[in-house]
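Dear colleague,

I am handing over a structure that you have not worked with before, and my notes on it follow. Please read them with the model open beside you.

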Amino acid sequence: VQLAESGGGLVQPGGSLRLSCTATESIFSFTYVAWFRQAPGKQREFVARIAGGGTTDCADSVKGRFNISRGRGNTAYLQMNNLEAEDTAVYYCNAHRGVAYWGQGTQVTVSS
């Protein structure tokens, strides 16, 4: 299984981005799909998760601003609104099915 993230970039504070995670298999074949992020000098942290049945949860720091969803095929999304400088990080897609799979990450930079 391979995961590929896309959609990162530079955005001003208050802006929006949508990240995509495309898998080589159906996104519905995983127990859950999640997004993590890692800022410079910090540990990787949980952002949001969607379970196989569609239940979602997210970190308190992004609640009300970020939303995780799945497309119909092989892609999951992370919609990020009202971005803050503190959201600057490399964002990683994670899919779990007995084994954890990780993508290579996509850089998100929030700066004016």
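Let me start with a cysteine: Cys-58 has a relative accessible area of 22% and is therefore partly exposed, a term for values between buried (under 20%) and exposed (over 50%), computed with a 1.4 Å probe on protein chains only. Its sulfur lies 16 Å from the closest cysteine sulfur, that of Cys-93, which is too far for a bond.

As to the source, this is a predicted model, in which local features need pLDDT of at least 70 and side-chain atom pairs count only at pLDDT 80 or more, whereas totals for chains, interfaces and linings use all residues. Residues are numbered from 1 along each chain as its sequence is written, and side-chain values use heavy atoms, with hydrogens and water left out.

The structure holds one disulfide, meaning a pair of cysteine sulfur atoms within 2.5 Å, and this bond joins Cys-21 to Cys-93 with an S to S distance of 2.0 Å. Because Cys-21 lies in strand S3 and Cys-93 in strand S9, the pair ties together parts that are 72 residues apart in sequence; strands here are DSSP runs (E, at least two residues), numbered from the N terminus. The torsion about the S-S bond is about -75°, so the disulfide is left-handed. Cys-21 is buried at 0% relative accessible area, and Cys-93 likewise counts as buried at 0%.

Asp-87, in the loop between strand S8 (75-80) and strand S9 (89-96), is also buried, with a relative accessible area of 1%.

Best wishes

Technical notes:
Helix = DSSP H or I, 4+ residues; strand = E, 2+ residues; numbered from the N terminus.
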